[in-house]
Amino acid sequence: MISSFVNKFKIHFNLCDLNSEALICEQHKSLARQLPSLYLAGITSMFSVIAVNFNTAPAWAVIYIPAPALLFSFWRFVHWIKVSRNIESYSLEKRRKDVRMVIIMSPVLTLVFTVLAIVLLFHGDLYQQTLSVLLLWATVGVAGYSMSSVPQASITSVFSSSIPLFVAFIESHDNLLTTISIGYISLSLLSIYILLNSFRAFSFLVYSRQELKEKHEKMHKLAYTDPLTGLANRRNFKEKLIKKVKQSAGTEQKFAVCILDMDGFKTINNLYNHAGGDLVLVEIGKRLEKLIGKNGLVARLSSDEFHIQAYDVTSENDAEKLGRAIHKTLREPVLVDGNRVDISTSIGISIYPESGLTPSHLVKRAVQAQNKAKRSGGGRTRIFAMRYETEILERAGLLIDLKAALERDELEVYFQPIVDLQTGRYAGFETLARWNHPERGFVPPEVFITLAEEKDLIEPLTICLLRKAAAVAATWPADIKLAFNLSAQQVCNPNFALTILAILNETGLPPHRFEAELTETAMMLDMEKALLMVSNLKQVGISISLDDFGTGYSSLSQISNLPLDKLKIDKSFVDNVSTSKKMRNIVRTIIGMCTVLKLKSVAEGIETKEQYKALKAAGGHLGQGYLFSRPLRADKIKGRFFYDPLKDAA
Ligand code: C2E
Ligand code: CA
Ligand code: CA
């Protein structure tokens, strides 16, 4: 029984941990509720005892000892009244200090009060003695109960009253007092037991409330953050945007919604696996968070899509600045497995209230702007303008027309010669799609091919063009090849090789006279499938040209791993080849690399004789451009398959 009591005592004392933040707060709150009344009770009973014994007891017992105790109690009474009025503003340190003070001072005060009561007990008559003892018991009882949340204070107070009283009563050798003292000590033990139980219930409540709070916080965090980057998630972003719009409604406040989509993120995932991709996303998140800071909210909504609320963007000018700052911070490559990975992003921004008054409008319009940024080649920022709405409607109209053009077979193929720079002989022609709309006029292939790619029309469109082009090419001399551009979806669809083969078969064009032109960005979309497609094409004798070389991210090692036959040097390199020595050196290096890798180089966009001469001198293999010929209709090819500098003027 005694050992279980001691154990219980130990356990409870372990529980009153002054380091536990939650416990200290709750103890402090409980003390603030109880202590003002306790001090009031203590002061009143001390006054009563003094009043009753004032004439009989010595001055030190009714004035000199109680006076400082009363003053101290009054000071603590005022302190705890102040605390209870302003409890929430108290820091943990202040709370801990208050609790410590109670633990130290409670037994001291009780001891003073008890000693006083004992002294008075031996000075007064029976009536005075009874009053002193009764008041002492009542006060100690109230003290124990009031401080039950802090057992260190309540239990030591009970002891510091019961032990001196017990000793004094026994020492009096008075039978009645000895009997009272035994009863008093038993009562004290019982009250300690009750106090411990009450503290157990109190601490249990505090700890379980704390646990509940922690669980709630954890669940809240899970529900509102993106687990990979630790940024806000979709739900969080949406709720904060709704709140922000509500706050800003009817005020002058403006802010921006900014949507980022990484360009070619799939390629990063393909090259460095998901772990590498995740690393890049985490780094992007960190950089954006650092840039936006407290002036907004950064969220990751899906794989590589980040949304930002920028509270300090209030004009188009600010939005442009923000776009520039984002591009700048993301420009620094991310290191993945020792490789420097470049990040490019397309950004769309909408501004409240100009771009939209509701959260959904703001997001929708930022997405429209972002799509526009992506369509214009990525790596850019577009700010929503009302004219985009018209453009979207315009694109919807264009799509209807494109479908009709396909049905009515209105799309045409033009051919642009690819010339041997050293001999002037035509090596082949590149097929270029043409759409001459009866009302719209000439629609650039970049526009309608992109539209067809987006709206799943690219396959019927390509089949139709390929059939026409192959039928024409089958009529050309056997050494003239047909080059044909493939879209990203086709490059990443190994089955499309069979479709090509079937059409070549049907039109009678041998596969070795067919060249597929594909861009590196198209291949990067799904490298595995693209490599399979390329090997399928190679197996049947079709050759492969890498288009627009120099505009993507290809490195020498990546090129040498691809089974290529030709490499088309982008027009941007050719433009200054005759005027800039630096550019001439770059082009010469690319041509040299092609020679080493046993590839033929094709310089694109040759417009002047100077460019032609410079490329010829640099050892260029093939060339293409307005200097030799613009893209021609089939019937304009006139059966001549060489470049004549005297006749063929640009
Ligand atoms: P591309 O494959 O790089 O085609 C070369 C583009 O450069 C063509 O533009 C051609 O007309 C133009 N070009 C040729 N020589 C010169 C020159 O000396 N100066 C200038 N300024 N331009 C020159 P086009 O026909 O407007 O085609 C644009 C792009 O549209 C093509 O770029 C290609 O990516 C795409 N495209 C065209 N036809 C097809 C097609 O049938 N299928 C697919 N998937 N894409 C196509
Ligand atoms: Ca091409
Ligand atoms: Ca090209």
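## Second largest pocket

Two or more lining residues come from each of helix H2 (21-53), helix H6 (126-146), helix H7 (151-171) and helix H8 (175-224). H8 supplies the largest share, eight residues. The model is a predicted one.

The volume of this pocket is about 430 Å³. By residue type, its lining consists of nine nonpolar, 12 polar and one charged.

## Parallel strands

Strand E11 (residues 481-485) pairs with strand E9 (residues 426-437) in the parallel sense, through three bridges. E11 also runs parallel to strand E12 (residues 514-519), with four bridges between them.

Alanine 483 in E11 is the bridge partner of glutamate 430. In E12, the partner of alanine 483 is glutamate 515.

## Calcium site

The calcium ion (ligand 2) is coordinated at 2.1 to 2.3 Å by Glu430 (OE), Asn485 (OD1), Glu517 (OE) and Asp547 (OD). The sequence spacing of these donor residues is E-x54-N-x31-E-x29-D. Asparagine 485 in strand E11 and aspartate 547 in strand E13 (residues 543-549) are 62 residues apart, and the pair links distant parts of the chain.

Aspartate 547 also bridges the calcium ion (ligand 2) and the calcium ion (ligand 3), which lie 4.0 Å apart.

Are asparagine 485 and aspartate 547 buried or partly exposed? Aspartate 547 has 7% relative accessibility and so counts as buried, the limit being under 20%. Asparagine 485, at 28%, counts as partly exposed.

How values were computed:
Residues are numbered from 1 along each chain as its sequence is written. Chains are lettered from A and ligands numbered from 1 in the order in which they are written. This is a predicted model: local features need pLDDT of at least 70, side-chain atom pairs count only at pLDDT 80 or more; totals for chains, interfaces and linings use all residues. Side-chain values use heavy atoms; hydrogens and water are left out. On a 1 Å grid over the protein atoms alone, a cavity is a set of points where a 1.4 Å probe fits but cannot get out, and a pocket is an open set with protein on both sides within 12 Å along at least five of seven lines; lining residues have an atom within 4 Å of a point. Grid points are joined across faces, edges and corners, and a volume is the space filled by probe spheres set on the points. Ala, Val, Leu, Ile, Met, Phe, Trp, Tyr, Cys and Pro count as nonpolar, Asp, Glu, Lys and Arg as charged, and the others, Gly among them, as polar. Two strands pair if DSSP finds at least two bridges between them. Donors are N, O and S atoms within 2.8 Å of the metal (3.2 Å for Na, K and Ca); water is not among the atoms, so sites may look incomplete. Buried means under 20% relative accessible area, exposed over 50%, partly exposed in between (1.4 Å probe, protein chains only).
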